[in-house]
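Good morning, everyone, and thank you for making time for this.

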Amino acid sequence: MNFDEKVIRRNTNCYKWDVQDDPDLIPMWIADMDFRTAEPIVEALQRRVSHGVFGYTKVPKEYFEAVCQWFENQHGWHIEPKEIIYTIGVVPAISAIIKAVTMPGEKVLMTTPVYNCFFSSIRNNGCQVAASTLKADKNGRYSIDFEDFEAQCQDPKTRVFLLCNPHNPTSRVWTKDELTRMAQICKENDVFIISDEIHCEIMMPGFQYTPFGTLDESVTGNYAVCTSPSKAFNIAGLQNANIICHCPKTRRKIDRAININEVCDVNPFGVIALMTAYTDPRCKEWLDNLNNYIYHNYLAAKEIISQKIPSATITPQEGTYLMWVNFHNLINNAHNAEHAMIQDAKVWINAGTLYGDDGEHCMRINLATQRERVVEGVERVCEYLAK
Ligand SMILES: Cc1ncc(COP(=O)(O)O)c(C=O)c1O
């Protein structure tokens, strides 16, 4: 595995690289990676392609076993195969769960800034967005304002808390204590929890992902967890995700919503890729190396920003490959800055406002590319801002 290999993604119908037609642009925006996936996954897909027949797919029992085995062995989370509902993505999963557990007009709470599609999933289901703003300390580390969080849960209209664990875009890997407190408050107020754990495999040294499903049963109310190997193994285009729900009654409702939304048929490639990613030990080894590479990308980016823009606050990277930086008064309109940098600096990073950040100074930088590109991209950002 060579994460330094500059894979050419332009002209492959690639969202990240082909949306802007500028050969000099370095795209560090949408959350996918510029790395080839683990070789065993490529080989398994090649074998499947050579069969040449791509009809409707039956998801085999080995698929469910692979999910259970992975989470048990890697994360100490025991799942029963019957608790898993597969679907075509985490966003469709979230949307179906919201449909299953809310009535139109009810509120879905999030801790903002947060992944932008959460907002649309809530609204598309006729619900209202409720936001509890995360608080950053002087080092840029975010935490939950539990007083506000509890007050919002006590609102009788709040039906669901949509948790992002680990958190995009602040990279927080919520601790067991934090998750326990969130769970207790939600249970006390009969608020259903949807935990989106799509980023759970990308961990910086010293941090550990706590699956929501491993919390003590005495603190959790009703909940469902969404997972996918897509972020970790760079297979988002294969469209495959899972919902894990212990409560049989809720599971039936979610299953029904998945069917009503017609997102119940997965493709043969996603199934093969997931089974290989979760069962071939070489994929785990690839993932460990990936995590190490991303950590060093973070260190390289941090070094450049802190030298060239000492006033910037760089949020400490705990998980994910998404870096969050507050440039303070060097950026006063994040949306405009995103567009100006695309034109003038030839680098594309995301405005924090996209994630409901209520300041105008934060930007999200995707670090999942070759080190040379990270260095060049971040230098371009700094040079643009230093002007
Ligand atoms: C927190 C989070 N959830 C879900 C998704 C998208 O999931 P999917 O492509 O499986 O719908 C993303 C993609 O960036 C994400 O960051």
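Let me begin with a term: a residue is called buried when its relative accessible area is under 20%, exposed when that area is over 50%, and partly exposed in between, using a 1.4 Å probe and the protein chains only. Please keep in mind that this is a predicted model, in which local features need pLDDT of at least 70 and side-chain atom pairs count only at pLDDT 80 or more, whereas totals for chains, interfaces and linings use all residues. Residues are numbered from 1 along each chain as its sequence is written, and side-chain values use heavy atoms, with hydrogens and water left out.

I will also speak of helices and strands, which are DSSP runs numbered from the N terminus, a helix being H or I with at least four residues and a strand being E with at least two. With that in place, which residues of helix H12 are buried? In this helix, residues 334-345, the buried ones are Ala334, Ala337, Glu338, Ala340, Met341, Ile342 and Ala345. Their cover includes strand S13 (347-348), strand S14 (350-351), strand S15 (362-366) and helix H13 (371-386).

Let us stay with Ala345, which belongs to H12 and counts as buried because its relative accessible area is 10%. If contact means heavy atoms within 4.5 Å, then Ala345 touches Ala340, Arg380 and Tyr384, once residues up to four places away in sequence are set aside. The C-alpha atoms of Ala345 and Glu383 are separated by 8.0 Å, although these residues are 38 residues apart along the chain. After H12 comes Lys346, with a positive phi near 60 degrees.

Now to the domains, whose bounds come from an automatic or database domain assignment. That assignment gives domain 1 (15-38 + 282-386) and domain 2 (45-281), and their centres, taken over C-alpha atoms, are separated by 25 Å. To the contact, domain 1 brings 34 residues and domain 2 brings 38 residues.

Let me turn to aromatic rings. Rings of Phe, Tyr and Trp (its six-membered ring) pair if their centres lie within 6.5 Å, and planes under 30 degrees apart count as stacked, over 60 as edge-to-face and the rest as tilted. The structure holds 21 such pairs. Take Trp70 and Phe233: their ring centres are 6.3 Å apart and their planes stand at 70 degrees, so this pair is edge-to-face. Trp70 is buried because its relative accessibility is 3%, and Phe233 is buried because its value is 0%. Both also belong to one aromatic cluster, together with Phe3, Phe35, Phe71, Trp77, Tyr278, Trp286 and Tyr293.

I will finish with some backbone details. Where do we find cis peptide bonds? One joins Thr112 and Pro113, with omega about 5 degrees, and Pro113 lies in the loop between strand S3 (107-112) and helix H5 (117-124). The bond from Asn165 to Pro166 is cis as well, with omega near -5 degrees. Finally, Thr320, a residue other than glycine, has a positive phi near 65 degrees; it lies in the loop between strand S11 (313-314) and strand S12 (322-326), and it counts as buried because its relative accessibility is 0%.
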